[in-house]
Amino acid sequence: MRARIPAVLPFSLLLMAAGTFSAAAQTPGRLIREAIDEARLRVLPGNMRPEVRTAADLGAVEENLLLDHMILQFHRAPETERSLEQKIAALHDPASPEFHRWMTAAEFGAQFGASAADQSIVKAWLESHGFTVHSIASGGTAIDFSGTAAQVRQALHTEIHYLDVNGERHIANMSDPQIPAALAPAVAGVVSLHDFSPRPMRRKRAQYTSGTGATAAQLVTPGDLAVIYDFTPLFEAGITGKGQTIAVIEDAVLFRTSDWNTFRNAFGLAAYTSGSLTIMQPSPASGANNCSMPGLAHGDDGEAALDVEWASAAAPGATIMLAACQSTQTTFGGLIAMQNLLSQPNPPAIWSVSYGECETMNGAAQNEAFNAIYAQAAAEGISVFVAAGDEGAASCDAGAAGATHGIGVSGWASTPNNVAVGGTDFEDTYLGTANSYWSASNSVTYASAISYIPEIPWNDSCASGVLAAYLG
């Protein structure tokens with residue numbers, strides 16, 4: 001028999017979890033100031049996948065279906081958000097006395113995370129609905145919890161259904177979730193209540209073929225990268241990334257770790273002996289571990305291989321850390337890995353993220369999660385580089401033959417605190433000057449570029465006038 005949950009949780013009970021009333025009142029930044037009334041709800045708009053409106057509904061999932069390691073995202077008050085923006089600006093301003101005095105996760109949480117009172121109240125509310133709370137992020141930005149579809153329906157007032165989307169079965173919430181209005185000032189929402197994964201940004205080429213019809217194309221190697229972008233003088237001066245760690249964020253591991261060595265040997269990178277590869281499962285600072293090692297049946301090992309190899313090509317003397325967590329029923333493993341990395345005593349100072357999804361498909365809570373993660377990263381002295389995709393401003397139409405969903409950039413790459421990295425096209429083929437930039441033969445490491453090549457933004461859509469004119 002399911003335990004009955006009172007319509008109004010006694011505020012005194014919740015405050016006991018957070019400490020005495022007077023102590024809670026003195027805690028700066030406390031946003032939850034009313035008793036939780038389960039009959040007075042607030043809808044969290046913009047947290048439903050677009051496919052729900054068009055896909056075939058296969059009915060409700062089993063009531064006991066476990067939705068493990070969901071992420072409840074806290075919301076900062078506007079004045080706290082402004083204070084954080086000022087802090088990040090000061091940390092990056094050479095004229096500021098705070099320049100490069102990076103924060104720890106604990107320091108960040110104390111100044112910019114949810115108050116201890118709000119954390120305890122929300123934790124108690126989740127547990128009152130039968131959820132298991134595993135951990136609270138050390139930055140005070142999120143709660144990791146698990147529960148069943150029945151508990152989600154009862155607490156968040158939305159059903160989880162199976163959907164048929166282009167022949168694939170998915171699960172998703174069928175309406176925007178709702179929470180007690182008293183919690184709304186402190187809670188942005190649940191990051192994800194579905195199993196749709198973000199897109200890896202690599203584009204597969206069958207058997208490494210290139211060109212279309214009579215159109216020739218050059219394949220770029222690490223040696224070409226060094227010539228085109230003038231890395232070679234840096235490498236010769238000993239600036240190779242030695243002593244630095246680059247974390248590539250994944251939800252998969254490598255099919256064979258030896259592939260990384262094969263890549264470096266084939267392209268002459270093994271000469272930089274300080275270069276190394278490590279694989280890490282970042283765990284939270286406290287509580288149950290939500291990061292399990294991905295198996296080959298999970299995630300995209302091709303993306304992982306591409307990321308570690310080309311990070312090594314750009315910084316051949318650096319340590320490349322593959323930071324990976326297996327995706328759960330509702331949460332992308334890469335997001336778990338990023339959240340946990342922030343809690344490490346000395347997190348890598350450079351992150352590379354090669355996944356994305358347009359803001360609309362992410363949903364409001366997930367967009368806020370990325371904003372929170374990258375803001376904390378900036379405060380901790382971490383530079384986050386995110387692939388922006390090849391579709392220009394039509395991110396919601398990625399992979400489609402045409403753009404029909406309007407302007408929508410990737411929510412993974414659109415915050416003020418990450419560097420959005422877009423691809424480029426070389427102009428040599430379009431201008432008919434390929435012979436000026438490429439040698440007729442390859443070096444021993446398969447390089448053939450002669451110099452820098454003029455570039456244009458990579459835009460696969462018909463909005464690229466240059467591409468449209470060239471292809472007719």
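These questions and answers cover a helix pair and the cavities of a predicted model.

Me: At what angle do helix H3 and helix H13 pack?
Reply: H3 spans residues 78-91 and H13 spans residues 364-379. Their axes lie 9 Å apart. H3 passes H13 in a left-handed crossing. The packing angle is about 40 degrees.

Me: Which residues of H13 make the contact with H3?
Reply: On the H3 side, Glu81, Leu84, Ile88 and Leu91 take part. By class, the contact has six nonpolar, one polar and one charged residues. H13 contributes Asn371, Ala375, Ala378 and Ala379.

Me: How many cavities of 30 Å³ or more are there?
Reply: The largest cavity holds about 110 Å³ of space. With the cut-off at 30 Å³ or more, the count is three.

Me: Which elements give two or more residues to the lining of the largest cavity?
Reply: This cavity is lined by 15 residues. Closest to its centre are Ser135, Ala137, Asn290, Gln339 and Asn340. By class, the lining has eight nonpolar, six polar and one charged residues. The elements are strand E6 (132-136), strand E7 (142-148) and helix H11 (333-341).

Me: Which residues are the closest to the centre of the second largest cavity?
Reply: The lining of the second largest cavity numbers 13 residues. They divide into six nonpolar, six polar and one charged. Closest to the centre are Asn47, Met48, Val191, His194 and Asn362.

Definitions and conventions
Residues are numbered from 1 along each chain as its sequence is written. This is a predicted model: local features need pLDDT of at least 70, side-chain atom pairs count only at pLDDT 80 or more; totals for chains, interfaces and linings use all residues. Side-chain values use heavy atoms; hydrogens and water are left out. Axes are lines fitted to C-alpha atoms, for helices over the stretch in contact, and angles run from 0 to 180 degrees between N-to-C directions. Helices (H or I, at least four residues) and strands (E, at least two) are DSSP runs, numbered from the N terminus. A crossing is left-handed if the near helix is turned anticlockwise from the far one by less than a right angle, and right-handed if clockwise. Contact means heavy atoms within 4.5 Å. Ala, Val, Leu, Ile, Met, Phe, Trp, Tyr, Cys and Pro count as nonpolar, Asp, Glu, Lys and Arg as charged, and the others, Gly among them, as polar. On a 1 Å grid over the protein atoms alone, a cavity is a set of points where a 1.4 Å probe fits but cannot get out, and a pocket is an open set with protein on both sides within 12 Å along at least five of seven lines; lining residues have an atom within 4 Å of a point. Grid points are joined across faces, edges and corners, and a volume is the space filled by probe spheres set on the points.
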